[in-house]
Amino acid sequence: MFVVTGASGHTGAVVARTLLKQGQRVRVVLRDEARAEPWRRWGAEVVRADLRDVSALAVAMVGAQGAYLMVPPPRPASTGVMEARGPVVDAMARAVEESGLPHFVLLSAMGAQHEGGTGLVKTLNLAERELGSRGTPMTILRSAYFMENWGQGLRAVVDSGVMPCFLGPADRRMHMVATRDVGEVAARLLREPTLGRRVVELAGPVEYSPLEVADTLARLLGRPIRLEEHTPAAEVPMLLGMVEDPLHMVRGWTTLDEVLGGLLRSLQALPHMGEGMTASP
């Protein structure tokens, strides 16, 4: 049996559903009972727990072969990020130890091997260090920038024809990956546990620049999209090249076309979507 946190999110949902499709027993940890019923219909066991509750997390992990752990991402404008995420990381580490969990996969991000200069990624450096200090075999899955992040504010982009970019030079390519690939790789790593500490860095099939993202979106929409560059946060240039071991980086398979196409199709389903907008199949 495998335990999955973050099952209401993009990667956790894929992890849980992938394992269920493979005939594995899955226990999802949810905070909101309103989200539980679909998972019960799909055959998962549901445990309600706050990620800061050591006892509840430990009980959820008892008897499991492994667990998928993710620290909920902070909002970009959040203050006191480390103070807010510290109790979650501490609770997870203590629960892993108390439950006797034999192995877990921790969702992290490229650049999390560094303690500073990485912005919000520093919370994942804390998670890697704290969860790794308890001696439990662990797989750290360091993901590239999520392709789905381009969906934030997509309605405004579609309406205005302008896509803001805060990631530095528009023509510089960077690692990106689809959350579907992250979830499926995580599910595989759960079924292939390590005996010590393993780091897997995951990117998409190719690199893309922000300009290529805008061009892809324009092609799918059938009309121009103008990229509007903004000064990036100080840590962004550092993060774009933060692969610890490029020779052993794992590649996903989902393309930017597929992700942006799916985001546009979801957007069109909303009742107040503009008329006449079509995304290419």
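Visitor: What should I know before I look?
Guide: It's a predicted model, where local features need pLDDT of at least 70, side-chain atom pairs count only at pLDDT 80 or more, and totals for chains, interfaces and linings use all residues. Residues are numbered from 1 along each chain as its sequence is written, and side-chain values use heavy atoms, with hydrogens and water left out.

Visitor: Which residues lie nearest its centre?
Guide: His 10, Glu 148, Thr 179, Arg 180 and Val 259, out of 15 lining residues, meaning ones with an atom within 4 Å of a point.

Visitor: And which element gives the most to that lining?
Guide: Helix H10, with 6 residues. Helices are DSSP runs of H or I with at least four residues, and strands are E runs of at least two.

Visitor: What about H7, how many residues has it got?
Guide: H7 has 13 residues and reaches 19 Å from first C-alpha to last, close to the 18 Å expected, which is 1.5 Å times one less than its number of residues.

Visitor: New topic: which way do E2 and E3 run?
Guide: They run parallel, joined by 4 bridges; strands pair if DSSP finds at least two. Arg 27 stands opposite Glu 45 in E3.

How values were computed:
1 Å grid on protein atoms, 1.4 Å probe; cavity = no way out; pocket = protein on both sides within 12 Å on 5 of 7 lines; lining within 4 Å.
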